[in-house]
Amino acid sequence: VSSSAAFEILLGKIFNALYNENKVDILTLCKAGQYAENNYFGKKSGLLDQIACASMGVSYIDFANIEKPQIEIIHNSFPGYQFVIVDTGKSHAELSHLYSSITSDMWNAAKKMGHEFLRECSREELENKRFELTEGEYNRAKHFFDENDRVEKGLNCLKNNDFAGFLACVRSSEASSRNLLKNAMVDDVYEGSLAEAIDISNAAMDNLGASKINGGGFGGSIICIVPDSKINQYMRIMYDRYGKNHVFNVSILNEVKE
């Protein structure tokens, strides 16, 4: 539900249907969206959001082969929980330089370890080069390795219907985004930030679910996993705080209707 990626894939699918008899494959549409975002919008995004929007459902994506990522759709209805998107009202349209700083720090860290990409590096190499990296380069590279481990753990939790374990992974991911990736606030300003929205969200569900940044961060929205038993209380509190036009109870589409 990243706004830019969703819009790119929507336009790609429209043109694919109208002018290409739906012959253009999904990955090509995703790469076209990424190219447009990188070169015309000025945001140096990867392919994650585009593939997630195009694949539908809950998807596991392995970028080891960047030219042909491996995509696995996870069929899970999340019984007992509902998904809510909260638009914080804080635009990130003018914050592309902050988003780009994340990729720059990760690229710089990889180069100092003698590689082009972090996916080619190891934790051991990161620790060996720790004092040659800036604080931002080290922290963001550490987030990269930790997050990849969390994804594997979260995937196994979903496949084994371990929702408590999955929620723990989401909470850990949010903490790492806030403390290491540093994309939950702009200039460490808490008021009106994504970090504040996440704290309000978690309190609204009595800390029984999980909330995290949706997309690249710094502004925009958060995604929240709310227990059924808390959804009425949660929606009331979030409506009061952000307004009904900014809080959306959403569902997961597990298949595309052609």
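**Exercise 1. Charges over rings**

Over the ring of which residue does the charged end of arginine 119 sit, and at what distance from its centre?

*Solution.* Residues are numbered from 1 along each chain as its sequence is written, and side-chain values use heavy atoms, with hydrogens and water left out. The model is predicted: local features need pLDDT of at least 70, side-chain atom pairs count only at pLDDT 80 or more, and totals for chains, interfaces and linings use all residues.

Step 1. The criterion is that NZ of Lys or CZ of Arg lies within 6 Å of the ring centre and within 35 degrees of the ring normal.
Step 2. The ring is that of phenylalanine 117, and the charged end of arginine 119 sits 4.2 Å from its centre.
Step 3. Arginine 241 likewise lies over the face of tyrosine 242, at 4.7 Å from the ring centre.

**Exercise 2. The aromatic pairs of phenylalanine 163**

Describe the ring pairs that phenylalanine 163 forms with phenylalanine 78 and with tyrosine 81.

*Solution.* Step 1. Rings of Phe, Tyr and Trp (its six-membered ring) pair if their centres lie within 6.5 Å; planes under 30 degrees apart count as stacked, over 60 as edge-to-face and the rest as tilted. The whole structure holds 7 aromatic pairs.
Step 1. Phenylalanine 78 and phenylalanine 163 have ring centres 6.2 Å apart and planes at 50°, so this pair is tilted. The pair joins distant parts of the chain, 85 residues apart: phenylalanine 78 belongs to the loop between β2 (70-74) and β3 (81-90), phenylalanine 163 to helix α7 (residues 163-181). Helices (H or I, at least four residues) and strands (E, at least two) are DSSP runs, numbered from the N terminus.
Step 2. For tyrosine 81 and phenylalanine 163 the centres are 6.2 Å apart and the planes stand at 40°, so this pair is tilted. Here strand β3 is linked to helix α7 across 82 residues.
Step 3. Buried means under 20% relative accessible area, exposed over 50%, and partly exposed in between (1.4 Å probe, protein chains only). Tyrosine 81 is partly exposed because its relative accessible area is 22%, whereas phenylalanine 163, at 15%, counts as buried.
Step 4. Ring pairs link Phe78, Tyr81, Phe83, Phe163 and Phe166 into a cluster.

**Exercise 3. The largest nonpolar core**

*Solution.* Step 1. Such a core is a set of buried Ala, Val, Leu, Ile, Met, Phe, Trp, Tyr and Cys residues joined through side-chain atoms within 4.5 Å.
Step 1. Among its 20 residues, Val84, Val86, Cys224, Tyr234 and Met238 touch the most other members.
Step 2. The elements are β3, α8 (194-204), β5 (220-227) and α9 (231-242); α8 provides the largest share, 6 residues.
Step 3. In β5, 7 of the 8 residues are buried.
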